[in-house]
Amino acid sequence: LDLSVGAVATENPVVAPARLAESVLRLLDPLGLDTVAGVLACRLTTAPLALAVAELLQVPLLVDADDADTAFFEDRGEWKVAAVWADVGQACLPRAALVTVASEPARVDLAARHGLGSRVVVVPNAVHVPELDWRPPVSTGRRLLYVANLSYAPNADGLAWFVAHVLPELPADVTLHVVGGDPGHVPDIREDARVVWRGRVPDVTPFYVAADAVVAPI
């Protein structure tokens with residue numbers, strides 16, 4: 001397999017090239033390649049490299065596609081990017097033993113687009129919700145909460161937009177508490193007196209309990 005897809009013409013995705021497969025095997029060799037039962041690719045971004053590794057090891061490839069990337073960019077009218085993902089999908093997904101997605105529309109799209117049949121299944125996104133004694137917020141003012149992975153540019157952009165355009169329109173006693181990693185993409189927001197940086201925390205539960213409302217980074 002030789003896929004020289006290179007960088008994708010969109011904001012930041014890069015396809016892991018198949019030519020790195022032998023380097024990956026050299027790194028894994030001390031761990032015992034004979035114990036590898038299969039290779040899992042997380043998203044189409046890693047599928048070319050994962051497929052090459054799986055074929056060298058002669059083990060099954062599993063792809064967690066999560067979504068139908070080609071359809072997503074087609075819906076946005078970004079035809080050049082959609083074509084790249086279509087090529088990557090057609091090169092890799094038909095050769096996978098199993099493809100998982102997070103929704104039924106994505107399953108239908110990928111099954112039809114790449115002839116996958118029953119080899120594409122839905123594994124929905126889910127979270128275990130613990131049984132908690134939820135209490136009214138303990139804040140004395142009005143507290144908003146924003147929980148996000150801030151190394152992911154869209155989350156950081158959403159936070160920057162909210163602080164610039166929404167927070168100034170709210171009453172002066174409203175504060176925004178931000179839980180997440182280092183905000184490398186939004187350093188200027190640290191200077192806003194109404195934004196409270198919490199950084200990484202071991203448990204988000206107390207912050208949700210103390211919040212009057214939560215801002216979703218979507």
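Trainee: Is Arg43 buried, partly exposed or exposed?
Mentor: Partly exposed, with a relative accessible area of 30%. Keep in mind that this is a predicted model. The cut-offs matter here: buried means under 20% and exposed means over 50%, so 30% falls in between.

Trainee: Where is Arg43 placed?
Mentor: In the loop between E1 and H2. Look at its backbone too. Phi of Arg43 is near 70 degrees, a positive value in a residue other than glycine. Most residues other than glycine have a negative phi.

Trainee: Then what about Gln58, which has a positive phi too? Which loop is that?
Mentor: Phi of Gln58 is about 55 degrees, and it is not a glycine either. Gln58 lies in the loop between H2 and E2. Gln58 is exposed, at a relative accessible area of 72%.

Trainee: What unit do E1, H2 and E2 make?
Mentor: A right-handed β-α-β unit. H2 covers residues 47-57. Strand E1, residues 39-42, runs parallel to E2, and four bridges join them.

Trainee: Which residue of E2 is the bridge partner of Ala41?
Mentor: Val63. Val63 also has a bridge partner in E3, namely Val99. E3 spans residues 98-101 and is parallel to E2, with four bridges between the two.

Trainee: Which way do the side chains of E2 point?
Mentor: They alternate along residues 61-66. Leu61, Val63 and Ala65 point to one face and are buried.

Trainee: Switching to helices. At what angle do H1 and H2 pack?
Mentor: About 65 degrees, with the axes 9 Å apart. H1 is residues 21-28. The crossing of H1 and H2 is right-handed.

Trainee: Which residues make that contact?
Mentor: From H1, Ala21, Glu22, Val24 and Leu25. From H2, Leu49, Ala52, Val53, Leu56 and Leu57. They divide into eight nonpolar, no polar and one charged.

Trainee: Now the other sheet. What is the order of its strands?
Mentor: E7-E6-E5-E8, four strands in an open sheet with parallel pairing.

Trainee: Which strands stand at the edges?
Mentor: E7, residues 195-199, and E8, residues 213-214. Each has a single partner strand, so one side of each is left without a neighbour in the sheet.

Trainee: And E6, how many of its residues are buried?
Mentor: Five of the six, so E6 is largely enclosed by the rest of the structure. E6 covers residues 174-179 and pairs with E7 in the parallel sense over four bridges.

Trainee: Which residues of E7 are the bridge partners of Leu176 and Val179?
Mentor: Leu176 has Val195 as its bridge partner. Val179 has Gly199.

Trainee: How many bridges pair E5 with E6?
Mentor: Six, in the parallel sense, with E5 at residues 142-147. The bridge partner of Leu145 in E6 is His177.

Key:
Residues numbered from 1 in each chain as written. Predicted model: local features only at pLDDT ≥ 70, side-chain atom pairs only at ≥ 80, totals over all residues. Heavy atoms only, no water. Buried < 20%, exposed > 50% of the residue type's maximum accessible area, 1.4 Å probe, protein only. Pairing = 2+ DSSP bridges. Right-handed = clockwise from strand over helix to strand, strands pointing away. Axes fitted to C-alpha atoms, helices over the stretch in contact; angles between N-to-C directions. Left-handed = near helix turned anticlockwise from the far one by under 90°. Contact = heavy atoms within 4.5 Å. Nonpolar A, V, L, I, M, F, W, Y, C, P; charged D, E, K, R; others polar.
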